[in-house]
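Colleague: Could you take me through this structure and tell me what stands behind each term you use?

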Amino acid sequence: MTSPVKPRANITHVLFDMDGLLLNTEDLYTVVYDEILQRYGKSFTWEMKQKMMGTKILEGAQLMIDELGLPFTPQDWVQMSRDRMTEVFVTAKLMPGVDKLIRHLHQHNVPIAVATSSTKYSFDRKATHHQEFFHLFHHIVCAGDDPDVKRGKPSPDAFLVAASRFDGEPPIPSNCLVFEDATLGVQAAKSAGMHAVLVPDKRLDTTSIDDIVDQVIPSIEQFVPQEWGLPPYDGVLRT
């Protein structure tokens, strides 16, 4: 008889990034950003996108403006993109495997939360058609304008704030598992003392975090809960 495989860790709480991880909104950002940049004779390249993934909106905008030599401020960029974003964000769809995992964890009373770099306004637009899904989470931290999140990723603030808002005593960081799709997010999770699973776009350059990320999987569909001391899928999802 084969003995059970020892879990990577004994996880008690799970935190999720949102854009590109729970929702396909990274694709929507690309469409809108490229539309606007075309007016200035620029393109929103994958290289630029990689640098901005996981940042707060003003921080990312400043990075792009500096790199591309654009003639406006980060605040101008937010204003220019806001109306178009509002239109496209409501079309956001769940990423593969996400619904199954979140419902599984919720049904097994595993505390779960979202820690996104989005603002509350942006989150509300993206969640328009997924209200019931997001109600499965204990809470949502919108680091883009949450006053308790002083610094964006790769600083650990968003994940530390998210962990502190669970009921009762805050969980031990080493008992927390973070799901991310961005290298900055992995750096933030590890800086918080947490474990990190990266679910990257296949084009993402992961060399900067290869030595710190705990696991890399191509899709949440490939995640095996019991590898992390979480309840295994039992084949039955109760609604």
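Modeller: What follows is a set of questions about terms, each answered with a value and its definition.

Modeller: This is a predicted model, in which local features need pLDDT of at least 70 and side-chain atom pairs count only at pLDDT 80 or more, while totals for chains, interfaces and linings use all residues. Residues are numbered from 1 along each chain as its sequence is written, and side-chain values use heavy atoms, with hydrogens and water left out.

Colleague: Why is Lys126 called buried?

Modeller: Buried means under 20% relative accessible area, with exposed over 50% and partly exposed in between (1.4 Å probe, protein chains only); Lys126 has 1% relative accessibility, and therefore counts as buried. Lys126 belongs to helix H6, residues 120-126, where helices (H or I, at least four residues) and strands (E, at least two) are DSSP runs numbered from the N terminus.

Colleague: What makes the pair Lys126 and Ser118 a polar contact?

Modeller: A polar contact is a pair of N or O atoms within 3.5 Å; within protein, one must be able to donate a hydrogen and the other to accept it, and residues adjacent in sequence count only if both atoms are side-chain atoms. The side chains of Lys126 and Ser118 are joined at 2.6 Å, and this is a polar contact.

Colleague: What makes Phe72 and Trp77 a stacked pair?

Modeller: Rings of Phe, Tyr and Trp (its six-membered ring) pair if their centres lie within 6.5 Å, and planes under 30 degrees apart count as stacked, over 60 as edge-to-face and the rest as tilted. By this rule there are 13 aromatic pairs; Phe72 and Trp77 form one that is stacked, with 5.9 Å from centre to centre and 20° between the planes. Phe72 and Trp77 are both buried.

Colleague: How do you know that the charged end of Arg82 sits over the ring of Tyr121?

Modeller: The rule asks that NZ of Lys or CZ of Arg be within 6 Å of the ring centre and within 35 degrees of the ring normal. The charged end of Arg82 is 3.6 Å from the centre of the Tyr121 ring, and is listed as sitting over it; likewise Arg203 lies over the face of Trp46, at 4.1 Å from the ring centre.

Colleague: What is the bend of helix H4 at Arg82?

Modeller: The bend at a residue is the angle between axes fitted to the seven residues ending there and the seven starting there, and for helix H4 (residues 74-89) that angle at Arg82 is about 40°.
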